[in-house]
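Hi there,

Here is the structure I promised to pass on. My notes on what turned up in it follow below.

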Amino acid sequence: MLKRAAIACVAFAFGAALPAAAQEYPARPPVIVVPFSAGGPTDTLTRHLAVAMGAILKQQIIIENVVGAGGTIGAAKVAKAKPDGYTLLVYHIGMATAPALYRRLPFNPANDFEPIGLISDVPMTFIANEKLPPANLKDLIAYVKANKGKISYGNAGLGAASHLCGLLFMSRIDTDLNTVPYKGTGPALAALLGNEIQLMCDQTTNTTGHILSKKVKVYGVTTRTRLGVMPDVPTLSESGLKDFEIAIWHGLYAPKGTPKPIVDRLVASLQAALKDARFVENLAKLATEPVAQERATPAALRAHLKAEMDKWGPIIRKAGVYAD
């Protein structure tokens, strides 16, 4: 009888410890690893998120920029971190494209993380140097096909949002462009403005100001519907590239094995942060908005990651681009 009672007490204590751990978490400042440089779109988004989530968790959240290899170095660091909720990761669409882009990827996107939830979808715009003759997307496609080998498309490097959008565009029109990689979005945009390259596709966080000031020509947005910040700009889909959709989504992850009560606490704080008025306002300034609450869940992020891996894998492999 005494032995049974002792076992019951141990079982009760163990069961009660998990909720207590969740209630105590975080006892110190968590760190969110951003696998890109400070000041970029992912970094800016994450810093706004950190403020909102930090207020809910009642702890300052520290941002650590771990750059290199298209974000995979920072992601690998989090995959190998202690699964205690104090090392997290914000990574964009690159989480889904990395398996096809890198021959020796030091982590498995589907198996080495605990998904917390999606954060936002950042739209993209297809833009050109203002001197490029075509006035609309239909004319642009005809112009590109008639001038094979003469039109240059710039991107911010292997696996960047601009690189992926270009791959999808070339795949859809079945015509190659001269692809020119740069060391970041800034140099690529500078090259576009200087007419060193003619075409580019990048996130609204980088292009909206240039579009509104008419420094570049815009052929369309990559979303299903037009954007409120530029309602006169058509979608690529309505302009002739049916179902051409790409958004640079961001997700929050913890290392695999992070206890469920801590994951649940992070999910709850993420969902609350996405409804924070200041966070919503800050994202609006970036021409984007938080995802709907039902997408800020582990199940939704896991499903979205798989769907995006299935979508981009064949496109990247067909293009024959990869990194060691």
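The structure holds six aromatic pairs, where rings of Phe, Tyr and Trp (its six-membered ring) pair if their centres lie within 6.5 Å, with planes under 30 degrees apart counted as stacked, over 60 as edge-to-face and the rest as tilted. Before the details, a word on the source: this is a predicted model, in which local features need pLDDT of at least 70, side-chain atom pairs count only at pLDDT 80 or more, and totals for chains, interfaces and linings use all residues. Residues are numbered from 1 along each chain as its sequence is written, and side-chain values use heavy atoms, with hydrogens and water left out.

One of the pairs is Tyr-25 with Tyr-86: the ring centres are 5.2 Å apart and the planes stand at 65°, so this pair is edge-to-face. Tyr-25 lies in the loop between α1 (2-24) and β1 (31-34), and Tyr-86 in the loop between α3 (72-79) and β3 (87-91), so the pair ties together parts 61 residues apart in sequence. Helices (H or I, at least four residues) and strands (E, at least two) are DSSP runs, numbered from the N terminus. Tyr-25 and Tyr-86 are both buried, meaning under 20% relative accessible area, with exposed being over 50% and partly exposed in between (1.4 Å probe, protein chains only).

Another pair is Phe-126 with Phe-169, whose centres are 4.4 Å apart with planes at 35°, so the pair is tilted. Phe-126 sits in strand β5 (residues 124-129) and Phe-169 in helix α6, 43 residues apart. Ring pairs also link Phe-107, Phe-113 and Tyr-253 into a cluster.

Phe-126 and Phe-169 come up again in the largest nonpolar core, which has 84 residues; together with Leu-199, they have the most contacts inside it. Such a core is a set of buried Ala, Val, Leu, Ile, Met, Phe, Trp, Tyr and Cys residues joined through side-chain atoms within 4.5 Å. Helix α6 (residues 161-173) gives the most to this core, with eight residues. Apart from it lies another core, of 14 residues, including Ala-191 and Val-233.

Finally, helix α10 (residues 277-285) has Phe-279, Asn-282 and Leu-283 as its buried residues. Seen down the axis of α10, they fall within an arc of 100° (taken from the directions from the helix axis to the C-beta atoms), so they line one face of the helix. The face turned away from that buried side carries the exposed residues Ala-277, Arg-278 and Lys-285.

Best wishes
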